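Me: I'm new to reading protein models. Could you walk me through one, a feature at a time?

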Amino acid sequence: MKELFTMWKHTRMVVLTAVIASVYAAVLIPFKPIPIIPGFTEIRPANVLPIICSLMFGPAAAWGSAFGNLIGDFFGTLGLGSIFGFLGNFLYGFIPYKVWRIISKEEPTIKGSKKLLKYIFLVFLASSVCGVVIGWGVDLLGLVPFSALANIITINNFLVASILGPFLLIILYPRIKRWGLLYSDILEERELPRKNLRGLGLILISIGGLGGIVLGNLISLGIYHSGFLGAGFITGTTGSLGIALGMVPVIFLILIGSMLL
Amino acid sequence: MFIYLDKESLLHRLHPVTKIVGLLLLFIWAMVFNHPLYLSIIFVIVLFLSILAKSLSNLKKFWILLIILAFFSTLLWSLFLRGPTRIFKLGFIQISKESLLYGLAMGIRIDTMILSGIIFLSSTRTEDFTLGLSSLGLPFPVSFALSLSFRLVPTFQATTSTIIQAQKSRGLDLESGHLLKRIKKHIPLFIPILIHAIRNTDLLAMALESKGFGFKKRRTYYLHFRYKWQDWLSIAILAGLIGLSFYLRLNGYGVIFRRI
């Protein structure tokens with residue numbers, strides 16, 4: 001993950017970070033008035049951007065997504081929950097390019113069913129990690145139940161990115177490549193992700209992300225009788241030690257897995 | 001920033017670092033109690049700060065959001081928490097006195113946090129904010145990227161709006177159809193938005209490098225802020241109030257349920 005830090009030496013990566021963040025925020029803001037949970041989350045077609053930008057611009061997309069989400073919060077919903085929004089969106093933009101390098105040696109222009117399946121896997125992984133981190137964080141702060149917010153974020157991100165992403169990548173990737181703006185063209189060879197322990201990182205983050213959604217819902221459903229999705233608002237619970245402590249191993253796996261990717 | 005008010009006030013004059021640390025302290029303070037009475041006192045103090053920051057005009061823009069947040073929070077907490085003193089029951093839905101009070105407290109907590117954010121945004125310019133982050137140790141390229149993002153948002157918002165209008169005039173209907181169909185309709189919007197945004201990346205990077213971006217590790221700044229006694233006093237008062245609040249909480253005050 002050293003490219004996350006060394007990328008700041010490259011002016012074009014700094015500019016790409018700012019461009020991705022501002023486009024993400026500029027597309028997020030017009031959809032703020034269509035909330036799913038008022039004040040917490042809304043319909044977000046912009047959520048395809050971190051995924052496709054990650055596959056093209058690598059670490060700049062991770063920082064750009066995190067900054068973009070924070071800027072979106074600056075339009076009136078800035079709070080302690082914004083810290084977890086920052087972290088969740090950072091991972092949402094960080095996981096795709098790292099995972100793609102592990103599961104495929106080809107370019108991420110989604111042509112053919114094999115590539116599509118790989119793409120769907122990484123979108124679901126990134127979406128669930130984002131959902132788990134934000135869901136856990138806001139539950140920890142006592143704001144919204146995990147079973148309501150984490151599932152909505154995961155499904156919202158997954159649907160938007162898996163439907164729009166392949167079309168956008170087919171059109172945009174060749175053009176960005178021609179302009180020489182792919183992260184693999186800007187970063188030096190020694191800065192690019194290394195191969196050792198990447199597989200282990202993928203396993204850990206998959207257990208953390210996919211398992212986190214299952215475990216978080218099980219804790220809510222089983223122990224606290226929380227409902228699924230919207231029903232979580234009727235019978236769910238937040239700010240409880242069950243979710244806060246029960247999910248710590250999962251969050252730990254996600255963080256360790258991210259470092260090894 | 002987006003809701004910045006160019007006014008002369010005590011809060012406008014504070015050092016950006018004081019404002020960032022103060023904002024975090026206000027967030028922490030709102031987390032200490034879960035009793036509506038105690039949180040109301042904090043909310044009133046934050047409201048007083050809003051008057052000091054001359055940001056009431058921004059508060060007028062957001063009061064509907066604050067009411068919606070408080071309402072939803074009170075409603076959901078009242079419905080799903082169980083307390084010993086039941087006051088309403090209809091099938092599996094039941095409300096207790098404790099869950100209602102806790103819900104009200106959580107509504108006030110969220111509103112206190114949002115109000116703190118509004119005060120910060122009303123009294124802090126983008127340049128001050130990024131300078132504050134740099135002073136706190138954030139590397140310059142990172143704070144520059146954040147600052148540039150803030151500046152580019154209105155540009156890309158205008159582009160997004162123009163592209164949406166242009167595609168609508170060609171017959172694009174974003175509102176009709178089922179969810180998947182509506183998501184698919186965004187493809188003709190995203191491609192021009194992204195192409196427009198990324199096309200100038202190289203030019204912008206060259207312009208920055210021609211002005212010496214990244215040349216020296218240590219930078220000098222056009223803006224200068226000095227810590228004044230008001231900065232130290234503000235942080236000391238807030239830290240003292242939070243310390244007192246923790247003491248009260250540990251002694252059983254301001255608690256409806258034993259949780260955050």
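Reply: In chain A, residues 24 or more positions apart account for 79% of the contacts with a separation of 6 or more. Some ground rules too: this is a predicted model, where local features need pLDDT of at least 70, side-chain atom pairs count only at pLDDT 80 or more, and totals for chains, interfaces and linings use all residues. Residues are numbered from 1 along each chain as its sequence is written, chains are lettered from A and ligands numbered from 1 in the order in which they are written, and side-chain values use heavy atoms, with hydrogens and water left out.

Me: What does the secondary structure of chain A come to?

Reply: Helices (H or I, at least four residues) and strands (E, at least two) are DSSP runs, numbered from the N terminus. Chain A has twelve helices and two strands. Reading from the N terminus, the order is α-α-β-β-α-α-α-α-α-α-α-α-α-α.

Me: How much of chain A is buried?

Reply: Buried means under 20% relative accessible area, exposed means over 50%, and partly exposed is in between (1.4 Å probe, protein chains only). Of the 261 residues in chain A, 67% are buried. Take S128(A), in helix α6 (residues 113–140) of chain A: it counts as buried because its relative accessibility is 0%. Leaving aside neighbours within four places in sequence, S128(A) touches T154(A), G209(A), L210(A) and I213(A).

Me: And where does G79(A) lie?

Reply: G79(A) sits in the loop between α4 and α5 (81–103) of chain A. G79(A) is also buried, because its relative accessibility is 11%. Once neighbours within four places in sequence are set aside, its contacts are F27(B) and M113(B).

Me: Those are in chain B! How do I read the area buried between chain A and chain B?

Reply: The size of an interface is often given as the accessible area lost when the parts come together. Here buried area is the accessible area (1.4 Å probe) that two parts lose on being put together, summed over both. For chain A and chain B that gives about 5600 Å², with carbon and sulfur atoms giving 83%. In residues, 62 of chain A are in contact with 61 of chain B.

Me: How many salt bridges does the rule find across that interface?

Reply: A salt bridge is a side-chain nitrogen of Lys or Arg within 4 Å of a carboxyl oxygen of Asp or Glu. Across this interface there is one: R12(A) pairs with D202(B), and their closest N and O atoms are 3.3 Å apart. As for the elements on chain A's side, α2(A) gives the most, with 14 residues.

Me: How many salt bridges are there over all chains?

Reply: The count is seven. One of them joins K98(A) and E3(A), with the closest N and O atoms 2.7 Å apart. K98(A) is in helix α5 of chain A and E3(A) in helix α1 (residues 3–6) of chain A, so the pair ties together parts that are 95 residues apart in sequence. Both K98(A) and E3(A) are buried.

Conventions
Contact means heavy atoms within 4.5 Å.
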